[in-house]
Amino acid sequence: LVFSPDGARIYLANVNGSIKVFGVENGTNVIGLFSIALPPANAPDRKPEIPAGIAISPDGKTLYVCGNLSNRLLELDTSNGRLLRTWDVGVAPYDVVLAGNKAYVSNWGGRRPDAKSLTGPAGRGTFVRVDPVRHIASEGSVSVIDLSRDAKPATSRPPPNEFLTGLHASDLALSPNGRWLIVANAGSDTLSVVDARTDQIVETIWTRQSPEDLFGAQPNALAFDASGRTLFVCNGTQN
């Protein structure tokens with residue numbers, strides 16, 4: 001879910017391949033307005049897209065949607081749902097945040113496999129890089145997209161810049177001052193702290209309460225307080 005900047009609309013990612021749009025009347029009543037149909041993912045075993053994380057531009061005119069099944073970031077016009085642009089990202093994109101002219105996209109499954117990659121099934125006929133011992137996804141990543149660079153009509157873009165994080169990169173949070181991007185690595189029990197000026201990881205934070213925790217921590221959701229000095233982290237396995 002995301003609110004529009006003016007609080008008058010709510011956008012909801014719907015697993016059945018659309019974005020549901022709601023209006024907020026008088027700051028209290030929520031009403032259904034319309035749905036935005038997403039372009040099909042056309043995966044081997046499923047045609048409809050599976051939208052995951054969404055973000056809205058500061059002016060409220062543009063919506064960005066992670067196509068978790070097609071491995072793309074979609075850019076939509078909020079007034080009419082028209083597809084404006086798409087970008088190829090990593091495998092199973094999960095969340096997107098905007099920072100100035102950049103969009104950051106977390107990829108559960110890391111980079112797309114190449115011809116030399118050992119792969120395993122990622123669901124619905126798609127594939128992900130896996131390690132040879134555990135046969136689980138072997139990396140997570142973040143794609144960095146320069147939104148100001150390409151203004152052509154909607155077609156698939158070449159892969160953007162991408163850097164590796166911990167395993168199962170999931171939620172993203174940008175500090176209020178736009179300086180720090182935090183990546184929750186659910187499969188590694190860590191947070192990657194990224195300097196948004198250089199797109200480099202400058203610190204890795206361990207999220208387990210104790211090294212002996214049997215099932216780990218699995219951090220999967222993040223939020224800064226208004227000051228940016230405190231970060232809240234949901235440890236999914238530890239409730």
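Let's start with Arg229. Buried or exposed? Arg229 is exposed, because its relative accessible area is 77% and exposed means over 50%. Keep in mind that this is a predicted model. Where does Arg229 sit? Its place is in the loop between strand S19, residues 219-224, and strand S20, residues 231-235. Along the sequence, Arg229 and Lys102 are 127 residues apart. In space, C-alpha to C-alpha, they are 23 Å apart.

Next, another loop residue. Ser175 lies in the loop between strand S15, residues 169-174, and strand S16, residues 180-185. Buried or exposed? Ser175 is buried, because its relative accessible area is 4% and the cut-off for buried is under 20%. What does the side chain of Ser175 meet? One of its polar atoms lies 3.2 Å from the backbone nitrogen of Arg179. Leave out residues up to four places away in sequence, and Ser175 touches Trp180 and Phe224.

On to residues in strands. Ala37 lies in strand S4, residues 29-37. Ala37 is exposed, with a relative accessible area of 64%. Which residues does Ala37 touch? Again leaving out those up to four places away in sequence, they are Gly17 and Ser18. Ser57 is 20 residues from Ala37 along the chain. The C-alpha atoms of Ala37 and Ser57 are separated by 19 Å.

Now Arg129. This arginine is found in strand S12. Buried or exposed? Arg129 is buried, because its relative accessible area is 13% and buried means under 20%. Its side chain has polar partners. The side chain of Arg129 reaches the backbone oxygen of Arg112 at 2.9 Å. It also makes a polar contact with the side chain of Ser117, at 3.5 Å. Beyond its neighbours within four places in sequence, Arg129 has a list of contacts. Among them are Arg111, Pro113, Asp114, Leu118 and Thr119. Ile136, Ala137, Ser138 and Glu139 are also in contact with Arg129.

How many residues line it? There are 16, and the closest to its centre are Asn68, Ala92, Trp108, Ala122 and Gly123. Which strands supply at least two residues each to the lining? Strand S11, residues 119-123, and strand S12, residues 126-129, both do. S11 gives the most, with 3 residues.

S9 pairs with strand S10, residues 102-107, in the antiparallel sense. How many bridges do S9 and S10 pair over? They pair over 6 bridges. For a place to look, find Pro93: opposite it stands Asn107 in S10.

Notes: Residues numbered from 1 in each chain as written. Predicted model: local features only at pLDDT ≥ 70, side-chain atom pairs only at ≥ 80, totals over all residues. Heavy atoms only, no water. Helix = DSSP H or I, 4+ residues; strand = E, 2+ residues; numbered from the N terminus. Buried < 20%, exposed > 50% of the residue type's maximum accessible area, 1.4 Å probe, protein only. Polar contact = N/O pair within 3.5 Å; in protein donor to acceptor, adjacent residues only side chain to side chain. Contact = heavy atoms within 4.5 Å. Pairing = 2+ DSSP bridges. 1 Å grid on protein atoms, 1.4 Å probe; cavity = no way out; pocket = protein on both sides within 12 Å on 5 of 7 lines; lining within 4 Å.
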